[in-house]
Amino acid sequence: LREIVNIARSAHAQPVLLIPPVASLKNYYKVTVSNFHHLHELYQKEIIRASQYEEAPIVDLQAAFDNFHTLFDDANNDPIHFNRQGHEVAARAIAEAITPLIEKQ
């Protein structure tokens, strides 16, 4: 991730890292523990670390998605790929995060 940020910067692009969402256990499941969710959380933490180390902006899609329980059509079988409403929530969160970066330039 840090290398991707540096490659973007060397190409004079503004890197923005995304914390990818996963269907939350609280909103979509009746269990409180999941190996898949644990691994996904570790990956999300690495993205945060890379963002902090490289001082790169970050968009926390997980936080945006945690406010809903309708963004995945089949969370039990596919907790990663969100539906149309999920794409709208993601687009809104990304736009809110990058608009100040665009306006700054």
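I take the bend at a residue as the angle between axes fitted to the seven residues ending there and the seven starting there. Helices (H or I, at least four residues) and strands (E, at least two) are DSSP runs, numbered from the N terminus.

I am working on a predicted model, where local features need pLDDT of at least 70, side-chain atom pairs count only at pLDDT 80 or more, and totals for chains, interfaces and linings use all residues. Residues are numbered from 1 along each chain as its sequence is written, and side-chain values use heavy atoms, with hydrogens and water left out.

**Whole chain.** I counted five helices and two strands. Their order along the sequence is α-β-α-α-β-α-α. The C-alpha trace spans about 45 × 25 × 15 Å along its principal axes. Of the 105 residues, 34% are buried (under 20% relative accessible area, 1.4 Å probe, protein chains only).

**Helix α5.** I checked its length next. The 21 residues of α5 (residues 84-104) should span 30 Å at 1.5 Å a residue, and the end C-alpha atoms are 30 Å apart, so the two agree. The expected span is 1.5 Å times one less than the number of residues.

I then looked for a bend. α5 bends by about 35 degrees at Ile98, and Pro100 follows within four residues.

At the N-terminal end I found a cap: a side-chain oxygen of Asn83 lies 3.1 Å from the backbone nitrogen of Gln85.

Which residues of α5 are buried? I list Gly86, Val89, Ala90, Ala93 and Leu101. These buried residues pack against β2 (58-60) and α4 (61-65), with contact meaning heavy atoms within 4.5 Å.

Notes
Buried < 20%, exposed > 50% of the residue type's maximum accessible area, 1.4 Å probe, protein only. Polar contact = N/O pair within 3.5 Å; in protein donor to acceptor, adjacent residues only side chain to side chain.
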